[in-house]
Amino acid sequence: MSLDAAHCITCSDEGVPMTVTAVRPGAIALCGTDVEVMVDLVEPVEPGDVLLVHAGVAIARVES
Amino acid sequence: MKFVDEYRDAELGRALAAEILTTIEPGRHYKVMEVCGGHTHTIYKYGVDDLLPENVELVHGPGCPVCVIPMGRVDDAIAVAHEDGVIFTCFGDMMRVPGGKGTLLDAKAQGADIRMVYSPLDALRIAREHPERHVVFFAVGFETTAPSTALTLMRAKAEGIPNFSVFCNHVTIVPPLRALLESPDLRLDGFIGPGHVCTVVGARPFSFIPADYGKPIVISGFEPLDLLQSVHMVLRQLADGRAEVENQYKRVVPEEGNVHALRVLQEVFELRPHFEWRGLGFISSSGLKLSDRYADFDAELRFEVPGVRVADPKACQCGEVLKGVIKPWECKVFGTACTPERPIGTCMVSSEGACAAYYNYGRFARERVVV
Amino acid sequence: MATESWTEEHVLGLIERVKAKPLRFRDEQITMAHGAGGKATLTLIEGLLGPAFGMTEFADAGTLGDLAVTTDSFVVKPIRFPGGSIGELAVNGTVNDLAVSGARPLALTLSLVLEEGLSTEDLTAEVDAIAAAARAAGVAIIAGDTKVVERGRCDSMYVTTTGIGRTDARARLSPSALVPGDRILVSGPIGEHGVAIMLARGEFELDAEVESDTRSLWPAVDALLDAAGESLRCIRDATRGGVASVVNELARSSGVAIVVREADVPIPPAVSGACEILGIDPMYVANEGKLVAFVAPEGAEAALSALRGVPGCEAAVDIGEVKTEPAGMVLVETAFGGRRVMDLLVGDPLPRIC
């Protein structure tokens with residue numbers, strides 16, 4: 001997630017580690033208190049899992 | 001944050017830098033291309049370049065899916081944004097890319113309803129909340145970002161959302177790399193591979209680099225130590241006479257990529273026969289469009305877009321910078337007519353572009369060791 | 001194709017010459033970037049406003065004899081956030097502009113633009129906050145104005161304060177006074193205000209608490225003037241555009257280079273984490289209760305001790321120094337051991353922050 005118009009989330013290919021706080025129906029995980037992340041690619045997830053998120057989708061799990 | 005701090009340790013960095021010094025042949029000049037804008041960003045943010053000897057040169061490649069969008073496509077986007085009833089959504093970084101007649105930011109200041117989103121899901125939410133308007137999402141990015149668009153479209157289709165469409169400008173990474181390698185004026189010794197693209201597509205799509213061109217490629221993470229280690233691994237391969245695909249980012253990248261992601265991409269997208277890359281010209285099979293199954297969500301079918309091809313300004317030498325043939329400061333307009341505030345070409349548009357990164361961060365590097 | 005004379009130094013020299021030219025304001029319309037406190041703001045001020053009013057020096061306060069005068073508008077959204085509200089910002093922001101100019105704050109004027117529909121409860125809360133902040137800062141509110149605009153025209157309220165102070169005899173401050181060898185001190189951890197605002201906007205989530213650091217800086221300035229008056233070159237409060245903007249402006253005004261040691265810059269872990277997620281460098285994030293002081297080396301130790309004795313500035317630290325080359329630029333020595341340039345902001349990462 002980036003609010004800086006000069007920082008390119010796609011060009012920087014960024015992956016932000018986020019922690020799952022709740023699981024919603026339809027393969028959505030809540031990270032923090034209101035960031036919705038699509039988890040179709042890394043299911044199943046549970047609260048406490050750390051996911052690598054890019055543009056609203058979890059592309060991998062982060063092994064801690 | 002535990003996940004990142006250990007990969008930024010200065011002492012480990014110095015140790016790796018010392019290792020690198022012992023791995024290279026004195027007097028030989030090495031050119032290693034890092035393709036991914038994120039790697040460019042890390043190199044400049046931490047000054048990783050400064051820890052390398054002068055004879056190891058990092059060349060920045062075309063890893064900027066936003067800045068390679070041709071000016072004509074930006075004009076098309078602006079045309080759609082000005083349509084009655086449209087809410088046009090895009091990532092923040094797209095707002096400053098110049099088209100033939102200005103940027104999306106300019107269009108917003110002129111009254112078009114253009115909103116920044118952090119994910120296509122946000123755009124879909126806006127569509128649900130505003131059934132009386134039509135929401136268009138400007139989809140950009142490599143294979144890392146395409147799954148996000150695809151999954152959003154699958155949800156839109158499943159829910160039967162009638163007022164949402166996507167203006168698709170996704171591109172794939174392998175064709176431009178092949179085009180670069182085929183280029184006669186290119187002389188590269190090895191590659192640093194895009195870590196998060198590989199999370200989706202795996203390491204195998206890059207095996208053509210060692211197989212067809214005999215060059216090593218190491219898939220790298222994004223922290224400074226990741227990069228230094230990956231450079232070391234490339235140099236190690238060269239010293240050993242090997243050429244293979246190695247994965248330095250094993251903690252995240254699975255060898256085979258993400259099977260679900262690949263399936264989802266095949267369901268929602270198909271390859272365009274060719275797509276124009278700003279600075280690089282037309283490249284076959286390098287761009288994605290929505291498949292017929294998703295035609296209802298294709299903004300290009302729903303709206304009349306001008307579709308005019310706008311040629312790059314004559315002074316622009318982005319193509320040569322992208323191929324690593326010239327350095328940013330060697331471009332005739334670098335820093336004078338072309339600056340981050342008033343960019344002419346793609347390399348200056350995004351802060352991860354080679355020219356913008358050099359202008360913003362790299363102008364006064366340290367003295368480096370010559371081996 | 002590169003020619004013989006087109007060396008890297010030549011090009012970099014060209015860039016520096018272009019940058020050294022007076023800024024011309026060529027934009028066709030105002031965008032949010034003009035409010036960010038970075039390059040666009042500077043161009044607007046130096047390229048349009050300055051020439052129109054015959055101003056060539058742009059300090060935090062203007063002077064009339066031994067009186068210092070300054071003014072600021074506050075358009076922060078939302079009007080209440082962890083650690084403070086628009087009312088407190090309005091008092092402390094203007095008080096601080098006087099303080100860092102070396103003037104003891106005496107009085108404020110207060111203009112309120114109120115939105116139709118603003119509840120009396122919200123208005124009273126801000127009026128009380130303004131009164132409390134003014135008392136704490138030792139300033140009197142001596143004049144003011146109130147206007148009301150239609151619903152939707154000003155996000156609850158806009159506040160403008162004009163501050164009047166008396167220049168302190170101990171102060172010999174000027175933005176062009178820096179010389180190579182001078183030290184750079186910051187009065188405490190940076191980035192809290194900007195991050196607190198973003199949290200209040202609910203645009204992202206964080207597990208930690210971050211509060212705005214809004215407070216009057218006069219006690220800190222007073223202590224500095226006392227301990228190191230002769231050696232004090234310049235003081236700035238690091239508001240819009242953060243510490244990065246301050247050091248860039250000073251490097252430019254004095255024609256010197258500034259080197260900042262990243263590892264020494266105090267950043268609270270919560271701010272670091274937030275900036276990581278937002279993709280912003282904490283050095284660009286606004287503060288509302290932090291100052292940056294530029295001190296001659298012989299006075300640096302005394303200045304630092306004095307600062308650390310002021311409540312709220314216990315974590316004051318030396319973060320860098322002034323050098324000769326490259327003139328007008330700021331370099332950062334990264335914690336990783338490399339080096340990079342730290343330029344003025346181009347875009348507007350955090351709009352309506354103060």
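This is a predicted model: local features need pLDDT of at least 70, side-chain atom pairs count only at pLDDT 80 or more; totals for chains, interfaces and linings use all residues.
The size of an interface is often given as the accessible area lost when the parts come together. For chain B and chain C this buried area is about 3300 Å², with 56% of it on carbon and sulfur atoms, and the contact involves 39 residues of chain B and 33 residues of chain C. One salt bridge is found across the interface of chain B and chain C; in this interaction the side chain of Arg342(B) meets that of Asp27(C), with an N to O distance of 3.7 Å. Three residue pairs, in which both residues have a pLDDT of 80 or more, are in polar contact between chain B and chain C. On the side of chain B that touches chain C, at least two residues each come from helix H2 (10–23), helix H3 (37–46), helix H5 (104–109), helix H11 (224–240) and helix H16 (354–362) of chain B. Of the elements that contribute to this side of chain B, H16(B) gives the most, with four residues. When the residues of chain B that touch chain C are divided by class, 20 are nonpolar, seven are polar and 12 are charged.

The interface of chain B with chain A buries about 2900 Å², of which 64% lies on carbon and sulfur atoms, and the contact takes 45 residues from chain B together with 32 residues from chain A. Two salt bridges are found across the interface of chain B and chain A, and a salt bridge is formed between Arg125(B) and Glu36(A), whose closest N and O atoms are 3.5 Å apart. Seven residue pairs, again with both members at pLDDT 80 or more, are in polar contact across the interface of chain B and chain A. The side of chain B that touches chain A receives two or more residues from each of H3, helix H6 (120–129), strand E5 (134–141), H7, helix H9 (195–201) and H12 of chain B. By class, this side of chain B comprises 21 nonpolar, 18 polar and six charged residues.

Within chain B, the axes of helix H7 (residues 146–159) and helix H12 (residues 259–268) come within 9 Å and cross at roughly 65 degrees, and the crossing of H7(B) and H12(B) is left-handed. On H7(B), the contact is made by Ala146(B), Pro147(B), Ala150(B), Leu151(B), Leu153(B) and Met154(B), whereas H12(B) contributes Ala261(B), Val264(B), Leu265(B), Glu267(B) and Val268(B). The contact of H7(B) with H12(B) accordingly contains 10 nonpolar residues, no polar residues and one charged residue.

Over all chains, the count comes to 42 salt bridges. One of these is formed within chain A by Arg61(A) and Asp49(A), the closest N and O atoms being 3.2 Å apart. This pair links distant parts of the chain, with Arg61(A) in strand E5 (residues 57–61) of chain A and Asp49(A) in the loop between strand E3 (35–38) and strand E4 (50–54) of chain A, 12 residues apart.

The loop between E3 and E4 of chain A also holds Pro44(A), and the peptide bond from Glu43(A) to Pro44(A) is cis, with omega near -5 degrees. In the loop between E4 and E5 of chain A lies Ala55(A), a residue other than glycine with a positive phi, near 50 degrees. In chain C, the peptide bond from Lys77(C) to Pro78(C) is cis, with omega near 0 degrees, and Pro78(C) is found in the loop between strand E2 (67–74) and strand E3 (80–81) of chain C.

Key. Residues are numbered from 1 along each chain as its sequence is written. Chains are lettered from A and ligands numbered from 1 in the order in which they are written. Side-chain values use heavy atoms; hydrogens and water are left out. Contact means heavy atoms within 4.5 Å. Buried area is the accessible area (1.4 Å probe) that two parts lose on being put together, summed over both. A salt bridge is a side-chain nitrogen of Lys or Arg within 4 Å of a carboxyl oxygen of Asp or Glu. A polar contact is a pair of N or O atoms within 3.5 Å; within protein, one must be able to donate a hydrogen and the other to accept it, and residues adjacent in sequence count only if both atoms are side-chain atoms. Ala, Val, Leu, Ile, Met, Phe, Trp, Tyr, Cys and Pro count as nonpolar, Asp, Glu, Lys and Arg as charged, and the others, Gly among them, as polar. Axes are lines fitted to C-alpha atoms, for helices over the stretch in contact, and angles run from 0 to 180 degrees between N-to-C directions. A crossing is left-handed if the near helix is turned anticlockwise from the far one by less than a right angle, and right-handed if clockwise.
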